[in-house]
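Welcome! Have a look at the sequence and the model, then read on.

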Amino acid sequence: MSALDPSIYGSELPERELRDRLTAGEIPVAVYGLGKMGLPLAGVYAETTGNVTGVDIDPTVVQRLDDGECHVVGEPGLDDLVAEQVERGRLTATTDGTVAATDATIHVIIVPTLLAEDDSPDLATVESVLEDIAAGLEPGDLVVAESTLPPGSCRDVLLPHLLQESGLERGEFGLAFCPERTASGSALRDIRGRYPKVVGGVDAASTRAAELIYGELTSNEVHAVSDATTAEAVKVFEGVYRDVNIALANELGRLADELGISVREAIDTANGLSVCQLHEPGPGVGGHCIPYYPHFLLSRFEEPMPVMRTARELNDAMPSVMVDRLADRLAATDAGTDLADASVLVLGITYRAGVEETRASPALGVVDALREAGADVAGIDPLVDPAEYGARPVALEDLPEESFDGAIVVTAHEEFEAIPWPDLEPMVVVDARDALDLSGTAHSHYTFAGSHDGPAPLGGGDGSADGRSTLLESRRTDGGTDV
């Protein structure tokens, strides 16, 4: 091996020298995908290795990055990190994946794995990246997949594809899986070391190379598992666990009306035992993780998996449950309003507060169910335009001039604290997040599953001096990534 050889896979150099070369920028890195998770990852790779090319198919994203600008919002510290790394020449961007692959030794894939119409995982985007990588793959290179994949994908899909398209033999390059364990809004903290890194390769040399690389990226431990399929399963199992747990919490939450208690208070108390970790009831799950990962198993294996299927059905039904609760409360008012004749405000369109992401958001199901029932639907969201999702947009400052029969709180954005509830015409408010205190107002307030502070769904809150809503402190146990 020459002194300038940038190889990482199968290198005979001492580990310390390889680490020094990596952190000195002598082993170039390409990160394929500069989205909400990819750009933070590219930034951390850049600050660690000093030699990163980011690849994205969107020329606007690439141009902004080359200008030192960050297109991802809501990620603390990311703007400054991108600007610094670009200014120092440690991070560049291109739309030409083949050129980036030719120059790189480490190839990191972090593009989304979506679902086809039949809910089977669609690897088309990942396979498109593989085409670029294969065109520039050289002996000694390492490919790392961080995109969440169905277990067995590295072994059965990625490796055969790279072998066929690159012309290289098995053992000439490495392939490993390192599951992305990152939440929107805390990406840099998560990547740098909030959670242990998990790595697993298609062979021992791939695992060793990935372990070395991620040992430099994270301040946490690196957990090497037996193989790439095990590493893939770790990420999918994490998401499935949360989907099933949230479904159970939602099912329990639906009992609150009949029990006449706050299920949230009961869950909080039950979670005082370490053996019980029930998650938070709510309007469903959203984002690019939890609603998708169960299908990575359900669509590929012969086992019936009834628990996972039932959990998906339960969580998918929650937006309609919120609309049904509103319909019941409207019918119970003195006016006896029918949902088909009602005007309804949807508070929050994104799947999570403060995160500009609507993929699989429960709010989309709420809007659809309201429209199907014949209601006139309006919406407010500080991050996206409700008109793009079927709701008439309303500005927060214009609310006192509006009149609604009902409202559903789907996403508890911080900006909603400014809503002057005493100044609004009385309405039925279904609070799916236990986010509001409407005591002292004329509104009919229904909190799904009851309040953390004890009142049952129709019990109201503790009161506030001016009747303004208060976003209550979160006591969630679900990690907050996708619900």
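Is Ile261 buried, partly exposed or exposed? Ile261 counts as partly exposed, because its relative accessibility is 35%; buried means under 20% relative accessible area, exposed over 50%, and partly exposed in between, with a 1.4 Å probe and protein chains only.

## About the model

This is a predicted model, in which local features need pLDDT of at least 70 and side-chain atom pairs count only at pLDDT 80 or more, while totals for chains, interfaces and linings use all residues. Residues are numbered from 1 along each chain as its sequence is written, and side-chain values use heavy atoms, leaving out hydrogens and water.

Ile261 sits in the loop between helix H11 (256-259) and H12; helices are DSSP runs of H or I with at least four residues, numbered from the N terminus. Together with Leu255 and Leu259, Ile261 makes a nonpolar surface patch of about 250 Å². Patch residues have over 30% relative accessible area and no salt bridge, and nonpolar side chains (Val, Leu, Ile, Met, Phe, Trp, Tyr) are joined within 5 Å. The areas come from the Shrake-Rupley method with a 1.4 Å probe.

Now for the inside. The largest nonpolar core has 44 residues, and Ile8, Tyr45, Ile213 and Tyr214 have the most contacts inside it. Such a core is a set of buried Ala, Val, Leu, Ile, Met, Phe, Trp, Tyr and Cys residues joined through side-chain atoms within 4.5 Å. Leaving aside residues up to four places away in sequence, Tyr45 touches Val29, Val31, Gly50, Val52, Val108, Ile213, Tyr214 and Leu217, where contact means heavy atoms within 4.5 Å.

A second, separate core has 34 residues, including Val323, Leu326, Ala369 and Leu370.

## Salt bridges

How many salt bridges are there? The count comes to 19, taking a salt bridge as a side-chain nitrogen of Lys or Arg within 4 Å of a carboxyl oxygen of Asp or Glu. In one of them, the closest N and O atoms of Arg264 and Glu280 are 2.6 Å apart. This pair links distant parts of the chain, 16 residues apart: Arg264 belongs to helix H12 (residues 263-270), and Glu280 to the loop between H12 and helix H13 (293-298). Both Arg264 and Glu280 are buried.

Asp190 and Arg189 also form a salt bridge, at 3.5 Å between the closest N and O atoms. Here Asp190 is buried, with a relative accessible area of 2%, whereas Arg189 is partly exposed at 46%. Finally, a network of salt bridges links Glu15, Arg19 and Glu216.

Conventions:
Helices (H or I, at least four residues) and strands (E, at least two) are DSSP runs, numbered from the N terminus. Patches are made of residues with over 30% relative accessible area and no salt bridge: like charges are joined within 9 Å, nonpolar side chains (Val, Leu, Ile, Met, Phe, Trp, Tyr) within 5 Å.
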